[in-house]
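Here is my notebook from an afternoon of looking things up in one structure. Have the picture open beside you as you read along.

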Amino acid sequence: MKRQHFEDWLLNDKKLNEAEQRELDSHLRTCSSCAALAETGFALRAARMISPAPGFTSRFKIRLAAQKIAERRRKFWGAFLLILTGAILFAWLAAPYVYAFLLSPAEWITAAIGYFLFTVTSLQIFAEMISVFLKVIPDILPPYAWMVIASALAGFSLLWTISIWRFSRAPQGASL
Ligand SMILES: [Zn+2]
C-alpha cells in the first residue's frame, strides 16, 4: 500500500513538499525497488535536459530548408547572370553585323547566298578530287606524282581558306 504510493510519486514525477520528500528519502534507503525507480527518474530527467529543446528539430529542419532554397536561388541567379552576360557579349559582338544587315539586307543576303554556293561548289570539287584520287590510287604512282597531288591539295586548301577569309570579311568592310 505504502510502496504503491511512493511508486506513483516517482513515476508521475510528483512535486513533493518537504515532509513528503523526507518520507520518500527514508523509504528509498530501505526499498531497493523504489531506489532503482528513483535512479531511473534522475537519469531520465538528466537525459531530458541534454536532449534538444522542444522545437529544435523542426527549427533545424526549417533552417536546412531555408538554406537549400537560398542555395537554389544562388544557383539560379548565377546561371541567370551567366546567360545574361553571354547574351550581352553576343549582342555586343553581333551588333555590327546586325546593324550592317539592317542597313543593306540585300547585299548581305547576296553575300550569304554567294558564300553558300561557294561552299557547296568547293565541297563538290573536293569530293570529285577525292573520287579521282581514289580511282588513281590502285595504280602505282611514281613518287613525284604524290608530291604533285600533295602540293595541289595544299594549294587548294590554302586557296579555299583565303576565299573564306575574304568572304567573311567582305560584308564587314562594305558596312564601313
Ligand atoms: Zn518502495
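**Entry 1: the metal site.** I began with the zinc ion, which is coordinated by His27 through NE2 and by Cys31 and Cys34 through SG, at 1.8 to 2.4 Å. Donors here are N, O and S atoms within 2.8 Å of the metal (3.2 Å for Na, K and Ca), and water is not among the atoms, so sites may look incomplete. Along the sequence I read the spacing of the donor residues as H-x3-C-x2-C.

**Entry 2: ground rules.** I noted that this is a predicted model, where local features need pLDDT of at least 70 and side-chain atom pairs count only at pLDDT 80 or more, while totals for chains, interfaces and linings use all residues. Residues are numbered from 1 along each chain as its sequence is written, and side-chain values use heavy atoms, with hydrogens and water left out.

Entry 3: Cys31 has 12% relative accessibility, so I wrote it down as buried. Cys34 is buried too, because its relative accessible area is 0%. I also looked for disulfides, meaning pairs of cysteine sulfur atoms within 2.5 Å, and the whole structure has zero.

**Entry 4: the overall fold.** How many helices and strands does the protein have? I found six helices and zero strands, in the order α-α-α-α-α-α along the sequence. Both are DSSP runs numbered from the N terminus: helices are H or I with at least four residues, strands are E with at least two. Buried residues make up 10% of the 176 residues. The protein exposes about 14500 Å², and carbon and sulfur atoms supply 72% of it; such areas come from the Shrake-Rupley method with a 1.4 Å probe, and for residues only the protein chains shown count as cover.

**Entry 5: helix 4.** I checked the length of helix 4, residues 56–103. The expected span is 1.5 Å times one less than the number of residues.

**Entry 6: who meets whom.** Glu20 sits in helix 2, residues 18–30, and is buried at 18% relative accessibility. Contact means heavy atoms within 4.5 Å; leaving aside neighbours within four places in sequence, Glu20 is in contact with Trp9, Lys14 and Lys15. Ala35, in helix 3 (residues 32–50), is partly exposed at 25%. Its C-alpha atom is 9.8 Å from that of Glu7, 28 residues away in sequence. Gly114 belongs to helix 5, residues 105–136, and is partly exposed at 23%.

Conventions. Buried means under 20% relative accessible area, exposed over 50%, partly exposed in between (1.4 Å probe, protein chains only).
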